[in-house]
Amino acid sequence: MTVVAATKYVPLDDMAALAEAGIEVVGENRAQDLRAKHDRYGDAFRWHFIGHLQSRKAPLVSELCELCHSLASESAARKLTIPALVEVNLSGEDTKSGIPENELEDFLGLYGQVRGLMTMPPETGDPEASRPYFQRLRELAERYHLNELSMGTSQDYRVAADEGATMVRLGSILYGR
């Protein structure tokens, strides 16, 4: 399993500590922060984009990252040129990005470099409440013969690992926030 250190709240100057700690893969949520952090620490890490992907930011993400975890629009798919995970909104929450499960099959045909799926379950204080979402994402990945599953954060990564995550996105558990 790959640990992706989420750097959304990591100040630019603190990125050096991640490299010194042996972190290999970082995931940035914001394209503007991605540019600044990559400019200074580009060779120190493998770069993933884990935030909402807007089509106008897809060229920058393609230039700087090896993987995008959040492909969820046809317009972004037309501009992205790197491998991606399709973000699936399994909870149906309006506040979450991702395509609805019933649109997944058609969406997978839009982009030839889909490696897997990603989801964000509803926020909860109980990690076990995320399990049904992780199980469903694994089932979808198996149905469509996709190998990568990005699921789980600091709150529920153990449950995600139990359910087959190949990548977990960790932030607060690494930084003590």
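**View 1. Arg 35, at 30% relative accessibility, counts as partly exposed.** The model shown here is predicted. The partner of Arg 35 is Glu 63, and their side chains form a salt bridge (3.2 Å, N to O). Arg 35 sits in helix α2 (residues 31-41) and Glu 63 in helix α3 (residues 58-64), so the pair ties together parts 28 residues apart in sequence. Glu 63 is exposed, at 52% relative accessibility.

**View 2. Glu 66 and Arg 46 meet through their side chains in a salt bridge (2.9 Å, N to O).** This pair links distant parts of the chain, 20 residues apart. Glu 66 lies in the loop between α3 and β4 (67-71), Arg 46 in strand β3 (residues 46-49). Glu 66 is partly exposed at 34% relative accessibility. Arg 46 is partly exposed too, at 38%.

**View 3. Arg 131 and Asp 162 form a salt bridge between their side chains (3.4 Å, N to O).** Arg 131 belongs to helix α6 and Asp 162 to helix α7, so the contact joins parts 31 residues apart in sequence. Arg 131 is buried, with a relative accessible area of 17%. Asp 162 is exposed, at 55%. Salt bridges with shared partners connect Glu 128, Arg 131, Arg 138, Glu 142, Asp 162 and Glu 163 into one network. The structure holds 15 salt bridges.

**View 4. Helix α6 (residues 131-143) has 13 residues.** From first C-alpha to last, α6 reaches 18 Å, close to the 18 Å expected. Its buried residues are Arg 131, Phe 134, Leu 137, Leu 140 and Ala 141. They pack against β5 (84-89), α5 (104-108), β7 (114-118), β8 (148-150) and α7 (157-162). Just after α6, His 145 adopts a positive phi of about 55 degrees.

Technical notes:
Residues are numbered from 1 along each chain as its sequence is written. This is a predicted model: local features need pLDDT of at least 70, side-chain atom pairs count only at pLDDT 80 or more; totals for chains, interfaces and linings use all residues. Side-chain values use heavy atoms; hydrogens and water are left out. Helices (H or I, at least four residues) and strands (E, at least two) are DSSP runs, numbered from the N terminus. The expected span of a helix is 1.5 Å times one less than its number of residues. Buried means under 20% relative accessible area, exposed over 50%, partly exposed in between (1.4 Å probe, protein chains only). Contact means heavy atoms within 4.5 Å. A salt bridge is a side-chain nitrogen of Lys or Arg within 4 Å of a carboxyl oxygen of Asp or Glu.
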